[in-house]
Amino acid sequence: MKKALLFTLVLSLAIPEAQAATSVKMLGLKPLISIQLSQNPNDQVSAMVTSPRAISVVGTSESVAFISAYDRTASTLLWNLKLGAIDSVATAVTKDSTGAIWVVGASPVRPDPLPTPSIPAETLNPSGVVPDPSTELPQLKELDIWRVSNNGLLLESHSKVMSAVIYPTSISIKSGKVIVAGSIASHALDIFTITMSADGTFG
C-alpha cells in the first residue's frame with residue numbers, strides 16, 4: 001500500500017515538470033507583405049532582392065524580361081523597366097556593394113530573316129495570298145546580364161551565345177566578378193557555370 005501511494009506521488013510530481021519542459025513560447029510575428037505585381041495574370045515573377053528602401057522583383061511580362069521596384073511596404077510601385085526583346089526572360093537577381101542591381105536571363109538567338117517566297121507568274125493566285133516563310137520556335141540560347149541602378153536606369157548589358165538552350169537560376173558577385181549558374185535544357189541533370197569580369201569579358 002505504501003509503495004502504491006509513493007508511486008502515485010512521484011508520478012504526480014513528474015507530470016508538471018514534463019509539461020513545463022515541453023511548453024512552447026509564442027513569439028510575435030510580423031504580418032506578411034502582399035504585393036500586387038501586375039494586373040496581367042500571365043506575368044511571371046522569377047526572383048526578388050531587397051534593399052533598405054525597396055523590394056525589386058524580376059520576371060517576364062508579355063514575353064519580355066522586366067524588373068520592377070516597390071517601396072518597403074510593397075504598396076507603391078517605384079519604377080518598372082523592360083530589359084530584353086520579345087521572348088526574353090529574367091530569372092535571377094542580386095545586388096552589389098554599390099547598390100546596383102544585377103539581373104540574369106536568357107533570350108533566343110535571332111536568326112537572319114528568311115526571304116519572302118515568291119509565286120511564279122504563271123501560277124494562278126486569285127486571292128493574292130503569299131505564303132509565310134517557315135519559322136522555328138524561339139530557343140533560349142543567349143545568356144543575358146543586365147546591370148540596373150537603384151532608381152531604374154539601365155547601366156550596362158552583356159550577352160553571350162551558348163551552345164545549348166539554357167535556364168539561368170542564380171547570379172552572384174564575388175571578388176569583382178559576376179558568377180552565373182543554371183541548367184542546360186537538353187540535359188536535365190547538367191548545370192553550367194560561367195563568370196564575367198568587370199569589363200564584360202566572359203570566362
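Two residues are in contact when heavy atoms of theirs lie within 4.5 Å. Among contacts in the chain between residues at least 6 apart in sequence, 43% join residues at least 24 apart. The model described here is predicted.

**Overall composition**
- The chain contains one helix and eleven strands, and the helix comes at the start of the order α-β-β-β-β-β-β-β-β-β-β-β, read from the N terminus.
- Of its 203 residues, 31% count as buried.

**The four-stranded sheet**
- Four strands form an open sheet in the order S1-S2-S3-S4, with antiparallel pairing.
- Strand S1 (44-50) and strand S4 (77-82) are the edge strands, each pairing on one side only.
- From one strand to the next, the twist averages 20°.
- Strand S3 (residues 64-71) and S4 run antiparallel and are joined by five bridges; Tyr70 stands opposite Leu77 in S4.

**Nonpolar cores**
- The largest nonpolar core has 17 residues, of which Val104, Leu143, Ile145, Ile171, Val178, Val180 and Ile194 touch the most other members.
- At least two residues of this core come from each of strands S5 (89-95), S6 (101-108), S7 (140-148), S9 (166-174), S10 (177-184) and S11 (187-196).
- Beyond its neighbours within four places in sequence, Val180 is in contact with residues including Val104, Leu143, Pro168, Phe192 and Ile194.
- A second, separate core of 14 residues has Val49, Leu81, Ala90 and Val103 among its members.

Technical notes: Residues numbered from 1 in each chain as written. Predicted model: local features only at pLDDT ≥ 70, side-chain atom pairs only at ≥ 80, totals over all residues. Heavy atoms only, no water. Core = buried A, V, L, I, M, F, W, Y, C linked by side-chain atoms within 4.5 Å. Buried < 20%, exposed > 50% of the residue type's maximum accessible area, 1.4 Å probe, protein only. Pairing = 2+ DSSP bridges. Axes fitted to C-alpha atoms, helices over the stretch in contact; angles between N-to-C directions.
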